[in-house]
Amino acid sequence: MNKIIRKIQLSDDVFQMEIEAPLIAEERKAGQFIILIVSEEFGERIPLTIAGADEEKGTITIIFQAVGDSTKELGKKSEGDYIDSLLGPLGKATHIVKYDKPVVCVGGGIGVAPLRPIVEAFKKAGNEVISIIGARNKDLLILEDEIRAYSDEVIICTDDGSYGRKDLVTAPLKEICESRDPAEVVAIGPPVMMKFCALTTKPYKVKTTVSLNTIMIDGTGMCGGCRVTVGDETKFVCVDGPEFDGHLVDFDNMINRLNTYKHQEEEHNCRIGLDSKGGEK
Amino acid sequence: MEYVSPDVLAKEADELIKTIDPSALNPKSRRAIPLQEMPSQDPLVRRNNMEEVALGYTESQVKLEAMRCLQCKNAPCISGCPVSINIPGFIAAAAEGDFEKSIGIIKESSSLPAICGRVCPQETQCMATCTVGKAEKDVMRSVQIGRIERYVADWERENDKIQVPEVAPSTGKRVAIVGSGPSGLSAAFDLRKEGHDVTVYEAFHKNGGVTVYGIPEFRLPKKIVEIEIDTLVKMGVKIVTNFLVGKTRKLTDLLEKDGFDAVYIAAGAGLPKFMGIEGENLVGVFSANEYLTRSNLMKAYDTANSRTPIYHAKKVAIFGGGNVAMDAARTAKRIGAEEVHVVYRRTEAEMPARVEEVHHAKEEGIIFDFLTNPVKILGDENGRVKGIECLKYELGEPDDSGRRRPVPIEGSNFIIDLDACIPSLGNNANPILSNSTPDLEVNKWGNIVVDENNKTSIDRIYAGGDIVLGAATVILAMGQGRHAAESINKLLKA
């Protein structure tokens, strides 16, 4: 049982929670994730990246979007409530190096959350960090101040131009690849965004790291549900990742596998939350 | 074998037992007693539910079966048991109807009798050395040791007779156990009995390891596992869930920071094997671990309540021939698949699955494709499984395992249309502990290397079960747990 210490609503359906988990706070490193179950009896195991931690307070921070049944249930929890199960830190930590050339950190939507500790770690290692963060519109942009705190330069993109540049994140990324010769690009966000970031950097041969969030059950390698094709090999996101060379990931296969239960979930959703006449409650 | 209803089996046993004078039994008359079949749910009914298939003997049945035991002086069965249960002893007590004495004898050696009575591969262990089976030239006709074990364990539970074993006064020593599966729990039992403070760490949110995530409800009800674990908790064993040793805490930190005096690693096998064939990452391909965990641990079969989805397929193929393959096949059937194939490259005789499980699967309508192996998984335009291309095999010369080697027949390719497949080919060693513990020696397959005392390359750290053996069985893992506990007891006494 892990207590929710603080809850902040970042946008319509995005929440930030600080949760008591002293051992995870002590051990975790940038790039790692946890798996939680909101209520154990029939709950689902949900993997979520650790967006930050306070070792002294013994807490970790998660940021999530209430999209499915389980994340919606999590979003309804309040400060002082408990989460039944929390396991972590899982996955390999981000490989942080000091480069002579800039590091570009690209975050899209909710992907800015896992990006934040990576930006911090690269900065603390003495790198020049350029961050590109994007969202569909201004209201959906999260963690701008936190990203600014550890970036030498921040470029903001929105799809509708309501804030920053009216562009996809790949546009400034391309410009930087052309003009600044970055040492490494880290891109985290929706799978399609990561795919196109990797395609953008490929002609410039810039090392590109992506963080994959696939379907997972145990998060310890046991189930193999998270497997992805990387190069010619099958890798398990939970133990081999979550970060991989974006130029080698088969994103189309990964996106397909993410949709494994889409049809069933739609079926499921259309019953739950509807009243007997089929209207929304 | 025809399906015989539980009522008929019960009635036959009740009538037969009246005709037997136990005091007059001799080897010849013992051998004349018919083997008692296990009553089970009707196959047509059970394939639509998750409830236990085997229903357990009646009192008359268990006594009759126990009377078949010849009480051999040299007790060859004991040597076939990885935890050395006094088998003739508990069977003699069961034959007399003294079930309390019977379960007491088992519990001297085993902490999980209701589990072992259900899932041990008796035919390759205790039953394999049974004199009755030898005389009948058929191991399946040996005394049904596991069924008797199950009866007395169930009798104890159902009659509220479970006694919490006595625990020695506190030694002040602390032992950490990694993993709450059969091996870890057996070690916990033996170490706690000696008076050590024992903490078991489990990565999942529920205890029991493979017995709760892997073995389906219809073969081993979770309630039984819970009650057996509860006895350990009553003995004072602490169990911490949601704790992954190697990640939540480094292995060596358990000794250095947390003050444990010894550690036993029973983390299980861990990484499912795939075949490396084309199409293995298509949507609709699941490892047996994933499929079974969804269904068992996450209760995905209970679609009304569970939040965890499970893939609904009409035609499913399982690759492999072990118990896990049988479990996956029978689960698929229960979840609603119309047609379930077990694709296995050898013949039925070489299948590692228990005979009883194969028999149950056949009764439930599972189709077996022997001497067949998939070479390619075929996908549709949406990247979902639509079939498998297979090759026919024939048996050649015996290989290292002594089994005749399956040889592909060239050009025999054919296609089975289906919409899901479940490779069930065993597991590789999980790398989490070895990756986070540089001094821990592992072999080229990633299994932890131990000496004859189950000690690893690091002082005070022991290991056993599947992480050492590769995928094995519940009872072998338990045997290792007991052996390691003995070594740790010696270490802590020194």
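User: In which sense do strand β10 and strand β11 of chain B pair, parallel or antiparallel?
Analyst: Strands (E, at least two residues) and helices (H or I, at least four residues) are DSSP runs, numbered from the N terminus, and two strands pair if DSSP finds at least two bridges between them. In this predicted model, four bridges link strand β10 (residues 385-398) of chain B to strand β11 (residues 404-408) of chain B, and the sense is antiparallel.

User: What is left out of the side-chain values?
Analyst: The model is predicted, and local features need pLDDT of at least 70 while side-chain atom pairs count only at pLDDT 80 or more, whereas totals for chains, interfaces and linings use all residues. Residues are numbered from 1 along each chain as its sequence is written, chains are lettered from A and ligands numbered from 1 in the order in which they are written, and side-chain values use heavy atoms, leaving out hydrogens and water.

User: Which residue in the turn between β10(B) and β11(B) has a positive phi?
Analyst: The two strands form a hairpin with five residues between them. E394(B) has V407(B) in β11(B) as its bridge partner. In the turn, a positive phi of about 85° belongs to G402(B).

User: Which strands stand at the edges of the four-strand sheet in chain B?
Analyst: The open sheet has the order β8-β7-β6-β13 (chain B) with parallel pairing, and its twist averages 20° from one strand to the next. Angles run from 0 to 180 degrees between N-to-C directions, with axes fitted to C-alpha atoms, for helices over the stretch in contact. Two strands have a single partner each, so one side of each is left without a neighbour in the sheet: β8 (367-369) and β13 (420-423) of chain B.

User: At what angle does helix α6 of chain A run to β12(A)?
Analyst: The open seven-strand sheet of chain A has the order β11-β10-β9-β8-β12-β13-β16, with mixed pairing. Within it, β12 (residues 184-188) and β13 (residues 207-211) of chain A run parallel over four bridges. Helix α6 (residues 191-201) of chain A lies across β8, β12 and β13 of chain A, at an angle to β12(A) of about 160°.

User: How much area do chain A and chain B bury between them?
Analyst: Contact (heavy atoms within 4.5 Å) takes 47 residues from chain A and 45 residues from chain B. Buried area is the accessible area (1.4 Å probe) that two parts lose on being put together, summed over both. Of the area buried here, 52% is on carbon and sulfur atoms, and the total is about 3,900 Å².

User: Which element gives the most residues to the side of chain A that touches chain B?
Analyst: Six salt bridges are counted between chain A and chain B, a salt bridge being a side-chain nitrogen of Lys or Arg within 4 Å of a carboxyl oxygen of Asp or Glu. One of them joins E73(A) to R307(B), with the closest N and O atoms 2.6 Å apart. Elements that each supply at least two residues to this side include α2 (69-75), β7 (85-90) and α9 (262-271) of chain A. The most, six residues, comes from β7(A).

User: How many residues apart are E18(A) and K57(A)?
Analyst: Their side chains meet in a salt bridge of 2.6 Å, N to O. E18(A) is in strand β2 (residues 14-20) of chain A and K57(A) in the loop between β4 (46-54) and β5 (59-65) of chain A, so placed that the pair links distant parts of the chain, with a separation in residues of 39.
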